[in-house]
Amino acid sequence: MERFSRRFFINFSTVLSAAARFLPLKTFFSDRDGGIFAGKGVGPAVISTWRHGLAANRAAWRILSRGGTALDAVEAGVRVTEDDPEVTSVGYGGYPDEKGLVTLDASIMGPDGNCGSVAFVQGYRHPVSIARKVMEETDHEMLVGAGAEEFARRHGFKEERLLTGKARQGWLKWKAGKSGKDDFLPSRENHDTVGMVSRDAAGNLAAACTTSGRAFKIHGRVGDSPLIGAGIYVDNEVGAAAATGEGEMIIKACGSFLAVEYMRRGVSPRKACRKVLERIIEREGEKTDLQVGLVALSRSGETGAYSLCEGFEYALARDGGNELRQAEYIIKCESKRRS
Ligand code: SD4
């Protein structure tokens, strides 16, 4: 009996793996998380936040499909968003702070656990690449403000003006409309940071995040995006996560680190993202009609995302496809109704 079962199992798994070579794996194994089959032979994958993640994913995929590394992919991917003047919360064209100055935050983390970040940087459109230089050329992890700008200059980054006409108009409108009472209330419309997590063909993981932060923020404010563990986190043996939304809430929960820790305990990426949001709700109570979204990827290639409020979109690229998805959410924030 035991022999029969073993033989049956071996035959069954041979058939299964042969079938999996010819048919899309998700036909057999797609799980309720919208993830992909967790096993050997799973190809590269990339997930990034919001609609502009589609363009970012395309650039990342070009690298992954040629056998490039996850680290190169996430850097190249989010640079696309940094370049896009229509995205008013990242890089060139980002909304300025209260003083009309565009100040940027970014981070990057690779499979070896190395990471780099910059915060409160002005005049450079690719803070993620400055962050990578910090990671690779120094034994520091984070540079901020004037020091980060000097470092960028020394490494050949080109200084330029990042405030576009569109962003300036938005700032002028905000200034004209603000009252003494509500000037620094969280800006709900502008949650479009790009965070990206990726897995390459070798199974290695990386993450990157880049943002101009909350629109019209107090001069000097830094959010979660450049903070390792908050905006992004990678543990190559477990998974990677990236966050977007109200940075203050993400920082207090160590959002991305916590998502990876849940995955370490065997929780799926989707559930890990949800559990981080539940933790935020526990902490923040009534404040939680502010948006937080998370994307995550496990070592084995399973993907997931979740948001606090309705309306978070993310882009998922794998198997040569690239699609925009609506994340599941916990609260319909306007009415505070739970889904
Ligand atoms: C921040 N988390 O600076 C960023 C903002 C953001 O989508 O994600 N917007 O708080």
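The conversation below takes the labels in turn and sets the values against the definitions.

Modeller: Please keep in mind that this is a predicted model, in which local features need pLDDT of at least 70 and side-chain atom pairs count only at pLDDT 80 or more, while totals for chains, interfaces and linings use all residues. Residues are numbered from 1 along each chain as its sequence is written, and side-chain values use heavy atoms, with hydrogens and water left out.

Colleague: How many helices and strands are there in the chain?

Modeller: The chain has ten helices and 14 strands, where helices (H or I, at least four residues) and strands (E, at least two) are DSSP runs numbered from the N terminus.

Colleague: What makes α3 roughly antiparallel to α4?

Modeller: Helix α3 (residues 53-65) and helix α4 (residues 70-83) pack at an angle of about 150°, and their axes are 7 Å apart. Axes here are lines fitted to C-alpha atoms, for helices over the stretch in contact, and angles run from 0 to 180 degrees between N-to-C directions. Angles under 35 degrees count as roughly parallel, over 145 as roughly antiparallel, 65 to 115 as roughly perpendicular and the rest as oblique, so α3 is roughly antiparallel to α4.

Colleague: Which residues of α3 and α4 meet?

Modeller: With contact taken as heavy atoms within 4.5 Å, the residues on the α3 side include Ala-59 and Ile-63, and those on the α4 side include Asp-72, Gly-77 and Val-80. The residues of this contact divide into ten nonpolar, two polar and one charged, given that Ala, Val, Leu, Ile, Met, Phe, Trp, Tyr, Cys and Pro count as nonpolar, Asp, Glu, Lys and Arg as charged, and the others, Gly among them, as polar.

Colleague: How do you know that Arg-132 forms a salt bridge with Asp-72?

Modeller: The term requires a side-chain nitrogen of Lys or Arg within 4 Å of a carboxyl oxygen of Asp or Glu, and the closest N and O atoms of Arg-132 and Asp-72 are 2.7 Å apart. This pair links distant parts of the chain, with Arg-132 in helix α5 (residues 127-137) and Asp-72 in helix α4, 60 residues apart. The structure holds 18 salt bridges.

Colleague: Why is Arg-132 called buried, and why is Asp-72 called partly exposed?

Modeller: Buried means under 20% relative accessible area, exposed over 50%, and partly exposed in between (1.4 Å probe, protein chains only). Arg-132 has a relative accessible area of 13% and is therefore buried, whereas Asp-72, at 30%, counts as partly exposed.

Colleague: Why are Arg-274 and Glu-278 separated by about one helical turn?

Modeller: Because Arg-274 and Glu-278 lie four residues apart in helix α10 (residues 269-284), about one helical turn separates them. Their side chains meet in a salt bridge of 2.8 Å, N to O.

Colleague: Why is Gly-320 called exposed?

Modeller: Gly-320 sits in the loop between β11 (313-318) and β12 (321-326), and its relative accessible area of 59% is over the 50% limit, so Gly-320 is exposed.
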